[in-house]
Amino acid sequence: MSDHAHPTSELQEISRRLQVAMEIQWILRDESGLSPVAALKRAAESRVVPAAAPRRPSPAARVEAASSPSSAAPPPAATVIQPWQNDPARFASLDELHETYQACLRCELGKTRKNFVFGVGSPKARVMFIGEAPGRDEDLQGEPFVGAAGQLLTKILGAVDFKREDVYIANILKCRPPGNRDPQPEEIAACEPILRRQIELIQPLVLCTLGAFAARTMLGVNSGISRLRGRVHDYRGIPLVPTYHPAALLRNASWKRPTWEDVQLLRREYDRLAKTES
Ligand code: URA
């Protein structure tokens, strides 16, 4: 190593820490300067866990949809999931799993999505983040968390020294619910085995759920996120840290601090487990 190598790497380390400190400051910054309309508009650009009651189609609309010629028509043969494909557990790699299900029609969302949003990141990730479902940007681009909420998520990861490309990011649902409505039980039932297999194949050391919906689904409970966050839970033997959804932070800046505490807890849990692993 040359004489200059040490000071240079120190400078790089100082600059990295400065960058992280700036990101933390950004995350914790009170954005109440944003007018409520601007904040809502910003949140609407990404998928937001709706504050209002879920928008379900009326029974009349459902009957109409069921009897309409388009829903009665069989889907194109190439997109039908064959019976043997119904068990995600049989796929031995993420690529195989992705390839098989990208044409998935296990639920109605397969008819309205633009892209099947499988997941993104390292197949060897030690930390995995799980959101609710793709929003408009994710549906268009085929990648989870790419809108405003996704950009905030990337900053949050950086603040605890995780890089987006080193972790794995997926959603409970792989297809966008029209109009960002709440996922329905039959959609969750159809999609959840794919996520379960992703987790089995990746074998992360620790999971982090984003928002109430993901936490409730993974933990099989009905509690609110403020009750679930702040501690480590268990998902099939894997520690799980629930926190707020980044889209929620764009609407309500007072949730930034608890989120910051949660991701620090996640980092500590990861560090502890990574140490015992090596
Ligand atoms: N919100 C989610 O829950 N998932 C995404 O991929 C994007 C926004």
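Q: A crossing is left-handed if the near helix is turned anticlockwise from the far one by less than a right angle, and right-handed if clockwise; in which of these ways does α5 pass α9?

A: In this predicted model, whose local features need pLDDT of at least 70 and whose side-chain atom pairs need 80 or more, while totals for chains, interfaces and linings use all residues, α5 passes α9 in a left-handed crossing. Residues are numbered from 1 along each chain as its sequence is written, and side-chain values use heavy atoms, without hydrogens or water.

Q: What angle and axis distance describe the packing of α5 and α9?

A: Two packed helices are described by the angle between their axes and the distance between the axes. Here α5 (residues 94–101) packs on α9 (residues 185–202) at about 165 degrees, with the axes 10 Å apart, which makes α5 roughly antiparallel to α9 (an angle over 145 degrees).

Q: Which residues make the contact between α5 and α9?

A: From α5 come L94, L97 and Y101, and from α9 come I194, R197, Q198, L201 and I202, where contact means heavy atoms within 4.5 Å. By class, six of these residues are nonpolar, one is polar and one is charged.

Q: Where is N180 found, and is N180 buried or exposed?

A: N180 is found in the loop between β3 (168–171) and α9, and N180 is buried, with a relative accessible area of 11% (buried means under 20%, exposed over 50%). The side chains of N180 and R176 are joined by a polar contact of 2.9 Å (N or O atoms within 3.5 Å, one able to donate a hydrogen and the other to accept it).

Q: How many helices and strands are in the protein chain?

A: The protein chain has 13 helices and six strands (DSSP runs of at least four residues for helices, H or I, and at least two for strands, E), and 45% of its 278 residues count as buried.

Note on methods: Axes fitted to C-alpha atoms, helices over the stretch in contact; angles between N-to-C directions. Parallel < 35°, antiparallel > 145°, perpendicular 65-115°, else oblique. Left-handed = near helix turned anticlockwise from the far one by under 90°. Nonpolar A, V, L, I, M, F, W, Y, C, P; charged D, E, K, R; others polar. Buried < 20%, exposed > 50% of the residue type's maximum accessible area, 1.4 Å probe, protein only.
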